[in-house]
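Take a walk through this protein, from its overall form to a few local details. Keep the model open as you read.

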Amino acid sequence: MAIAIFENKELQLTWIDVTAPSATELSDLSQQYGLNAYALSACLQPDHLPKHEDIEGTHFIITRVLIPIRVGQSVSIQSISTKIAFFYRPGLLISIHRIPHDFIEDVRTRFFDTGQLRVVESIVAKMLWHILHSYETPAVRLSNELDDFESKVFSQNLTPQMLSELYQIKRKSLMSKKLLLFSQEAVSSIKLSDSESDVLQDTRDLHLKLMNIYDQIHEDVSNLVNFYLSISAQKTNEVIKVLTIFSVFFMPLTFVVGIYGMNFDYMPELRERWGYPALIGFMLLLSASIYVWFRRKKWL
């Protein structure tokens, strides 16, 4: 575990940043700062969804930061995001996370050390802004991937792999949208005075923007999947149509050939000199009749 303690004596603020703690170390934090042990145990659950609780005057927030997913890795809450927990009350902020994050150092040097943000709630709101900002670049990437797929689908350059890749995009957008939806509780829980409300309003605006973006991505990918399936079904229907046309042409001809292929002694046409050309002519006339009928029905 790594613990960094920062203090702004002018504003009487203390920020304790904890990285990769163990259960024993969290228990020590609980006793030292009077934190709820059950809430601290939630910090060790890797797939915990965002939430907010107010426990005995201390606010407890769990959020999730989006992280790059490795190639070939299955899409899940744990694979696309990592958890950050906050405990805060007047004068004290404790942040707990498994891996280091650059934006934490940025918020500390730019806003905490300089006193630009004067209350704990403002610092938490700024941290939430950076956490939500991690969803923006993946949203742009998913949108660009969808544009590429849309070009391929509309040009009917379809491959079986495309459907699997579209499903992955849909799952990523659905997971991200789910995390944003649960994060709304944490964003709404922060209360600031009018003089400090700018950073909170920026966070709320970003959250609303991201919700709309991921809603649109999810809708677009669903429409694209449906269009892909429609085009695939259309191609299948065209193949079946061609096979049906061939079947209709050759079934009556096969029937005629089958009759004259029977080994009976008394078949009058077999002994006639004109039998063979007459039969060929009849088969040509039959094929022409089928062709004219198809043309009138506009099936050809």
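## From overall form to local detail

Q12 is found in the loop that links β1 (2–8) to β2 (13–19). The model is predicted.

Start with the fold. The protein has nine helices and six strands. Its C-alpha atoms fill a box of roughly 120 × 40 × 30 Å along the principal axes. The radius of gyration is 35 Å, whereas a compact globule of 300 residues would have one near 19 Å.

Of the 300 residues, 41% count as buried. The protein exposes about 17600 Å², and carbon and sulfur atoms supply 56% of that area. Take the contacts between residues at least 6 apart in sequence: 63% of them join residues at least 24 apart.

Next, the surface of a helix. F246 lies in helix α8, which covers residues 197–260. Together with V242 and F250, F246 makes a nonpolar surface patch of about 310 Å².

Is Q12 buried or exposed? Q12 counts as exposed because its relative accessibility is 66%, and the cut-off for exposed is over 50%.

E56 sits in another loop, between β3 (51–55) and β4 (58–66). E56 is not a glycine, yet its phi is positive, at about 55°. Its relative accessibility is 76%, so E56 counts as exposed.

Technical notes. Residues numbered from 1 in each chain as written. Predicted model: local features only at pLDDT ≥ 70, side-chain atom pairs only at ≥ 80, totals over all residues. Heavy atoms only, no water. Patch = residues over 30% accessible without salt bridge, like charges linked within 9 Å, V, L, I, M, F, W, Y side chains within 5 Å. Areas by Shrake-Rupley, 256 points an atom, 1.4 Å probe, with all protein chains shown as cover. Salt bridge = Lys/Arg side-chain N within 4 Å of Asp/Glu carboxyl O. Helix = DSSP H or I, 4+ residues; strand = E, 2+ residues; numbered from the N terminus. Buried < 20%, exposed > 50% of the residue type's maximum accessible area, 1.4 Å probe, protein only. Rg over C-alpha atoms; globule rule 2.2 N^0.38 Å. Contact = heavy atoms within 4.5 Å.
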